[in-house]
Every structure is written in structure tokens, then in C-alpha cells.
There are 2 protein chains.
Amino acid sequence: MVKFCEMDSKALRKYREELLKRYEDFKGQKLKYDMSRGKPCPEQLDLSIDMLDITDYKGLDGTDCRNYGGLDGIPEAKQLFAELLGAEKDEVIVGGNSSINMIYDTIARAMSFGVAGSEAPWGRLPKIKFLCPSPGYDRHFAICELFGIEMIVVDMKSAGPDIDAIERLAGEDEAVKGILCVPKYSNPDGITYSEEIVDRLAGMKTKAKDFRIFWDNAYAVHHLFGKGDSLKNILKACKEAGNEDRVFVYTSTSKISFPGAGIAAMAASKSNISRIKEQLSIQMIGPDKMNQLRHVRYFKNLKNIEEHMKKHADIMQPKFLAALDILSAELGGREIAWWNKPNGGYFISINTLDGCAKKVVAMAAAAGVVMTPAGATFPYGKDPRDRNIRIAPTFPSLDELKEAIEIFCICVQIESINKLLLEK
Amino acid sequence: MVKFCEMDSKALRKYREELLKRYEDFKGQKLKYDMSRGKPCPEQLDLSIDMLDITDYKGLDGTDCRNYGGLDGIPEAKQLFAELLGAEKDEVIVGGNSSINMIYDTIARAMSFGVAGSEAPWGRLPKIKFLCPSPGYDRHFAICELFGIEMIVVDMKSAGPDIDAIERLAGEDEAVKGILCVPKYSNPDGITYSEEIVDRLAGMKTKAKDFRIFWDNAYAVHHLFGKGDSLKNILKACKEAGNEDRVFVYTSTSKISFPGAGIAAMAASKSNISRIKEQLSIQMIGPDKMNQLRHVRYFKNLKNIEEHMKKHADIMQPKFLAALDILSAELGGREIAWWNKPNGGYFISINTLDGCAKKVVAMAAAAGVVMTPAGATFPYGKDPRDRNIRIAPTFPSLDELKEAIEIFCICVQIESINKLLLEK
């Protein structure tokens with residue numbers, strides 16, 4: 001393919017005519033495709049439907065899961081998540097249906113009461129800062145913004161966030177209290193942090209004694225291709241480095257069973273967990289144990305979950321492959337866009353030429369293709385180079401997806417040409 | 001029955017011998033009965049088990065309840081709770097399994113961000129005070145204590161809390177930001193607030209512009225005898241008084257369907273709800289809509305819920321009657337204890353002679369009968385007269401309950417005699 005920058009204005013204009021014709025054709029069809037959120041498709045949800053067949057709700061230890069109690073989850077659910085997260089059973093709290101709610105709650109409690117080792121509630125300090133590997137997860141950034149936590153952008157590199165920058169920032173500024181990250185199949189780049197990065201995060205010197213890593217391991221078993229990436233166990237790494245209280249780990253079955261009715265869990269050191277349980281006992285009586293029992297009876301252990309995830313991959317793989325094929329066919333070699341080929345997770349992250357992302361997303365929306373708003377992958381919704389776009393290819397059907405990606409690629413090309421013509 | 005205070009020391013000592021013998025007999029049986037929490041018994045939980053038979057999870061508007069979304073609940077669940085709470089559909093948020101968590105969250109948000117009309121987050125002010133009708137619900141008090149909210153005891157009277165005191169305290173002190181109450185079949189007294197009290201709470205002048213009533217209507221349909229009490233609609237009363245933002249109303253199906261896996265809801269003015277939804281959208285993606293759909297498909301409307309509650313009453317009534325009978329037989333006319341006969345709710349509240357409650361609860365515990373800790377029904381766990389004990393008669397079987405109440409009555413009599421002898 002010819003690079004756009006090597007085409008003259010006339011050729012670019014002519015090619016833009018073709019693209020605009022294709023665009024108008026699609027627009028005339030009044031399509032409505034949603035690639036905005038990492039949302040499983042209905043066929044993926046059908047995979048777990050048999051877990052609802054359970055007819056008795058007595059837990060292994062005799063607990064009537066229908067009644068009150070069980071603040072930190074039923075023992076068999078704690079065991080399952082301990083296996084999934086590489087934690088001890090008493091380092092785990094199994095909660096309700098939302099890991100983002102667990103993260104929010106942990107941060108809210110830190111703001112109101114501090115964490116173990118805090119000299120004051122974070123909300124009482126003049127300034128709190130979090131390190132935010134970017135592009136990253138918009139919901140993480142929104143929580144920080146709501147609580148007035150200043151976000152510092154840390155660049156994502158090929159093996160994870162810029163660890164030199166993290167060590168420097170956390171090492172020199174006491175106001176830097178945390179880092180929020182998706183360490184495996186990162187949202188949106190699909191990058192899994194290297195062993196070195198995990199070790200350095202676990203071991204680095206931090207100016208704040210109560211520095212915390214919020215480790216949102218949302219895609220722990222969500223491989224797309226082959227056996228997938230593996231992520232070093234940060235709980236163990238922190239223990240070995242003598243910083244066992246440093247990390248809060250989160251995960252959920254939202255993209256294993258049901259996004260709206262899965263179960264979420266967190267893991268941390270025993271002293272972290274014991275402090276959280278004390279506060280949690282005042283916040284609630286207990287999570288939905290019936291739903292926990294449904295999940296444990298159905299999945300039983302990590303091996304079964306991994307088998308189950310292959311069925312998800314069977315549904316998702318063709319969509320990712322189709323999307324990547326179309327991206328290559330339409331944009332490959334043009335030097336106007338660069339994207340990753342993730343081994344797992346839910347996203348394809350694409351960088352356009354600088355200054356094009358917002359326009360591309362708006363143009364795609366006008367043709368009925370809804371994408372995550374441009375900028376959403378950066379703190380405060382501000383992508384400094386206005387180039388990153390997150391594609392979530394899982395929810396549409398394969399046929400819908402192909403059209404949606406084609407429309408998207410047309411928009412990328414048109415806006416790239418517009419930019420290049422202006423610069424000529 | 002002869003009043004204890006009219007018996008001479010010798011007669012009291014002799015009678016105490018008999019009581020101690022009965023006590024030691026029970027103690028020798030190594031019983032284990034729990035009357036500590038308002039917890040439905042297994043037969044009550046069986047009443048709702050058919051709701052789990054649902055096989056499709058498509059909502060009325062086509063929503064796939066298995067997937068993400070639906071921040072404020074599915075429309076049909078909002079409709080059901082609107083009917084239950086006497087609210088408009090868009091004044092309702094349907095949440096997860098815990099109303100106490102919704103109350104906690106509302107208070108936590110008020111502390112971090114303020115409520116509509118606040119000049120500052122409550123947590124940034126030098127002092128926040130809540131009015132606490134007492135005896136009251138220990139979980140309410142625990143939330144206040146966790147957030148450092150100063151609790152002011154307001155006495156419960158026969159028709160609700162001392163409204164003169166409330167008007168005075170809320171009217172003169174800007175730091176008084178709220179009142180936390182269970183207005184129907186109050187925990188533990190079983191009192192339903194009169195129309196006058198509801199109207200005066202809704203209409204009173206408050207020094208704080210952002211004063212809030214936290215209206216924990218936990219026992220809205222939980223009648224024990226006959227058609228039960230009725231409670232004036234405080235949402236309407238606040239609207240009529242021009243104070244529509246003043247109240248947050250909460251309820252749940254915890255004691256209608258499953259304590260551990262029911263659904264909770266709140267209602268408030270449209271401006272309160274819209275503010276909460278904005279913050280909630282950052283806290284979570286949505287509640288468990290599958291469980292909401294189970295509930296709505298099963299109960300359909302308020303009339304069916306009311307029919308269903310009669311089945312609960314059929315199970316609970318004999319327990320309350322048996323407990324009340326034994327209290328009368330053992331303690332009636334002795335002038336050492338006074339208790340209510342509630343029309344609904346989950347508790348019998350008993351007042352002993354001053355200074356006896358802690359000793360009675362400890363003595364009952366030593367014979368295997370676990371009660372709510374004495375003092376728990378007051379802020380900071382401190383009952384100024386050490387006399388109030390909450391009996392929760394629902395969880396034990398009828399036979400267990402009869403023994404447990406008998407043991408309890410023996411302890412009340414022994415400790416009363418101990419006190420009277422010391423005073424003679």
C-alpha cells in the first residue's frame with residue numbers, strides 16, 4: 001500500500017472522493033452498531049446459563065446461603081478466588097457483582113479513613129495524586145476525578161507502564177499515594193506487564209509510606225489466542241519485597257459468567273483484609289451468597305474456569321481476527337494508524353495521526369457506529385495527542401462488526417487525508 | 001402476681017433459690033439459641049424459593065438482564081418499588097442486595113461530596129451531628145460512629161421520637177445535618193410514627209439548609225397482626241411542605257424474599273435521585289438485574305407482596321405470641337420489666353429495672369441464649385439506664401424459642417432480685 005504522506009494532493013483528493021462515496025453509502029443505510037464498551041455478546045452469556053439450575057442453597061459448611069451473613073463471602077467462593085488470584089484463602093474477600101464498585105469502595109474508604117499505615121485519611125490531606133498508566137481505563141480515571149485525586153499520566157510502553165517514571169514519581173513525592181492499573185491485557189492496549197515491571201512495582205521505594213497499587217486484574221483468564229500471556233503474582237512479589245501491604249488485587253467473573261450478575265473479589269495482605277472487613281462490617285451485612293454458590297457449584301476450580309474461557313475465546317477470536325484483517329486491509333502500510341494485536345482482553349487500541357481521534361469518532365458516530373469517546377482512555381478525558389481510539393469488537397455480531405470496522409477505517413482515512421491536505 | 005418490690009428479703013431470697021435451680025438445669029443442657037438478630041427462619045425463606053424457577057432474563061423493554069447496564073435498576077423493578085414506597089418511578093433507584101449498604105453509601109457520599117444544597121462536603125465541616133431516636137438500630141449508629149458523626153439521643157415515645165426535641169435541636173444547630181430512623185415497626189420498639197410526627201419532620205424549620213431524613217422503611221409491609229399499622233407517606237409530606245429534597249427513603253426485600261439475596265431500593269426527590277445517579281455511575285456499572293427480574297416476575301405488584309407477607313406472618317405470629325405469653329407468665333405484674341406488643345416488625349423491646357440489662361444478657365449468654373448485646377440499641381452502645389434489651393424471636397424454632405424466652409425471663413428475675421436485695 002502507498003503511504004498517504006507519499007501521495008500528492010491530487011491523488012489524495014481523488015482517493016478521498018472514493019472514500020466519501022463509500023461513507024455516504026453506509027450512512028444512507030442508517031446503521032446502529034455499538035463498539036463503545038467491552039461488553040460480551042449474548043452467545044457468550046448463554047455459555048454460563050446452566051449455573052442457574054442449582055436447586056439447593058446450602059454451603060459446604062452448612063451455611064444457608066439464602067439468609068444473612070457471610071461478610072467476606074462463602075468459604076468455597078473464597079477458595080476459588082484464592083486459586084484464581086494466587087492468594088491465601090484468608091487474603092480474599094468475595095463481594096457482590098461489581099469489581100469496579102470494590103475498587104471505588106477501597107478508594108472511598110482510603111479517602112475517609114486512610115489505609116493501614118496512613119497517618120491521616122487521604123481526604124484530609126491537602127493533595128493526593130495517583131499515577132495513571134495511559135491509555136488506560138476510563139472508569140478508573142472517573143473515580144479519581146470524583147474524589148479530587150490528581151492524576152499523573154504515565155506512558156504505556158510495550159511491556160507495561162514507564163517504570164522509570166513511576167519509580168521517580170512515587171519515590172520523590174509524598175502526595176503520590178497510588179497507581180491504578182489493569183496489568184494483564186491492559187485496557188485498552190492489551191499489554192501484560194512484564195516480570196520486571198511487576199517486581200519493580202512491588203519493590204520500589206515510595207515516599208508515601210501508605211502507597212497502594214490498585215491492581216485491577218479484570219482479564220486474568222481472558223485469553224484470546226493460544227495459551228495467552230502470564231502475569232507475575234504481585235501479591236507474592238510484594239511479600240518477597242517486604243511490602244506486603246502495598247497491593248490491592250481485584251477481579252470478577254463479569255466477563256466469565258454474567259456481566260450484570262457475576263461475582264467480584266479482591267485479595268490483599270491479611271492486615272489489609274482485616275482492616276477492610278472491620279469497615280465492611282459496618283457498611284453491609286453480607287454479599288449475595290446465593291449467587292456465589294451458583295458460581296462455585298458451576299465452576300468448581302480454576303481448571304474448569306480456564307476450559308470455560310476457551311469457549312469465550314471461540315466466540316471472540318473470529319471477531320478480533322476479522323477486525324484486525326480489515327484494519328490491515330484498509331489502513332496497513334498507509335502510515336496513518338498503528339494498532340496492537342492483543343493476546344487477550346476485550347480491546348483493540350488504535351493510534352491515528354495526531355489530532356484525528358475526536359474527528360474520526362464523531363464521523364463514525366454520524367454513520368451509526370458508536371465508539372468509546374476519543375480521549376476517554378486518558379485522565380480527565382484529555383488525550384494530549386488526540387490520537388487514541390479504543391475499539392471494543394465483542395458485542396456486535398460478526399457481520400455487524402465487519403461493517404462497523406470498515407466504516408471506522410473509512411473515517412480514519414478520510415480524516416487523515418484532511419489533515420495531510422491541510423499540511424501540504 | 002406479687003410485685004418484687006413488695007416482697008421482703010427473705011421471700012426474695014427463697015424465690016431466687018428456685019430461679020437459680022431452674023437456671024442451672026437449663027445451663028446443664030448446653031443449649032445454643034440465637035435471638036440476637038432480626039433473622040427470618042428457614043421456613044420463611046422457603047416461601048420465595050419458586051422465584052428461582054425463571055428461565056429467561058429478558059426485561060419488559062427488551063433489556064438482556066444478564067449483561068452490563070441499568071444503573072438505577074430495570075424499569076419494572078423501579079415500578080414495583082415506586083408502588084411499595086408511594087413514589088414516582090423516576091424517584092426510585094433499585095440497587096443490590098442490601099439497603100444498609102445504600103444508606104451507608106448515601107452517608108459516605110454526603111461526607112465526601114455533600115448533598116444537593118450543601119455548601120461543602122459534610123466531611124470537610126468541623127462537626128456533623130445526627131439525631132438518633134433511641135432505642136434504635138445498632139447498624140445505623142455504627143455508620144455514624146465510623147464517619148465521626150456525633151450522635152444525639154432523642155427519646156422514643158409511644159407515637160414516635162420526641163418531636164419537640166427534634167424540632168428544637170434541628171432548628172437551632174446548623175451542625176445537625178440529619179436524622180436516622182426506622183419509622184414503621186421501629187427497631188426495636190415496634191412503634192409506627194404518627195401522622196403528626198411525619199408531618200412535623202417534613203415541615204419543620206431546620207438550621208442546616210441541607211438537613212436530611214434517612215427514612216429506613218425496612219418493615220413497610222411486615223405486619224404481624226391483622227392489617228397492621230399504616231405510615232404516612234413522607235415523600236408526599238415533604239413535597240407538600242416545600243421540602244421535597246429533605247428525605248431519603250430506603251427499603252428492601254431482605255425480609256420478604258431472601259435476607260442475603262433480596263433487592264434493596266431507595267426513593268427521593270428527582271433532584272436528589274439525579275445527583276445520586278451521577279455519582280453512582282462512577283461507582284458501578286449496574287446492580288444485579290437478573291435478581292431484580294426474578295423478584296419482579298414473582299411478586300409482580302404490591303398486592304401480591306402483601307399476600308406473600310401474610311404467609312410470613314403465619315410463621316412469625318405463633319413465635320411472637322409464645323414469647324409474649326411467656327413474658328407475661330414469668331414477668332407480668334412483678335414490676336421488674338416492661339415490653340411492647342408490636343403489630344409488625346421483627347422485635348420485642350424490653351426494659352428491665354435500671355442497671356440490669358447488661359447482667360441479664362450476660363447471664364442468658366452463659367446459659368447458651370445469645371441476645372443482642374445490651375446497650376446496642378443506643379448510640380455508642382451506651383444505654384444511659386442500662387435497661388433496654390432487644391429480643392429477636394424469629395430465627396429459633398417455636399420450641400427453641402419457648403425455652404430461650406423462659407431462660408431469659410429467669411435471668412431477668414434473678415438480676416432484678418439481686419438489685420432489689422442490694423437496695424434493701
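Tutor: Start with contacts between chains. Two residues are in contact if their C-beta atoms, placed from the backbone, lie within 7 Å. Keep in mind that this is a predicted model.

Student: How many residues of chain A are in contact with chain B?

Tutor: By that rule, 39 residues of chain A touch 39 residues of chain B. On chain A, the helices α2 (42-46), α4 (99-113), α5 (138-146), α9 (270-283) and α10 (289-299) each give at least two residues to the side that touches chain B. The largest share, six residues, is from α4(A).

Student: What classes of residue make up the side of chain A that touches chain B?

Tutor: That side has 20 nonpolar, 13 polar and six charged residues.

Student: Next, strands. Where do side chains point in a regular strand?

Tutor: In a regular strand they alternate between the two faces of the sheet. Take strand β8 of chain A, residues 247-252. A:Val247, A:Val249 and A:Thr251 point one way, while A:Phe248, A:Tyr250 and A:Ser252 point the other way.

Student: Are the residues of β8(A) buried or exposed?

Tutor: A residue counts as buried if 20 or more other C-beta atoms lie within 10 Å of its own. Six of the six residues of β8(A) are buried.

Student: Which strands pair with β8(A)?

Tutor: On one hand, β7(A), residues 212-216, pairs with β8(A) in the parallel sense over four bridges, and A:Ile213 stands opposite A:Val247. On the other, β9(A), residues 264-267, pairs with β8(A) in the antiparallel sense, also over four bridges. There A:Ala264 is the bridge partner of A:Ser252.

Student: Last, helices. Where does the kink in helix α11 of chain A lie?

Tutor: The kink, about 35 degrees, lies at A:Met316, shortly before the proline A:Pro318. The helix spans residues 302-331. A:Met316 is also one of the buried residues of α11(A), as are A:His312 and A:Phe320. After the helix comes A:Gly333, with a positive phi near 80 degrees.

Note on methods. Residues numbered from 1 in each chain as written. Chains lettered and ligands numbered in written order. Predicted model: local features only at pLDDT ≥ 70, side-chain atom pairs only at ≥ 80, totals over all residues. Buried ≥ 20, exposed ≤ 12 C-beta atoms within 10 Å, placed from the backbone. Pairing = 2+ DSSP bridges. Bend = angle between axes of the 7 residues up to and from the residue. Nonpolar A, V, L, I, M, F, W, Y, C, P; charged D, E, K, R; others polar.
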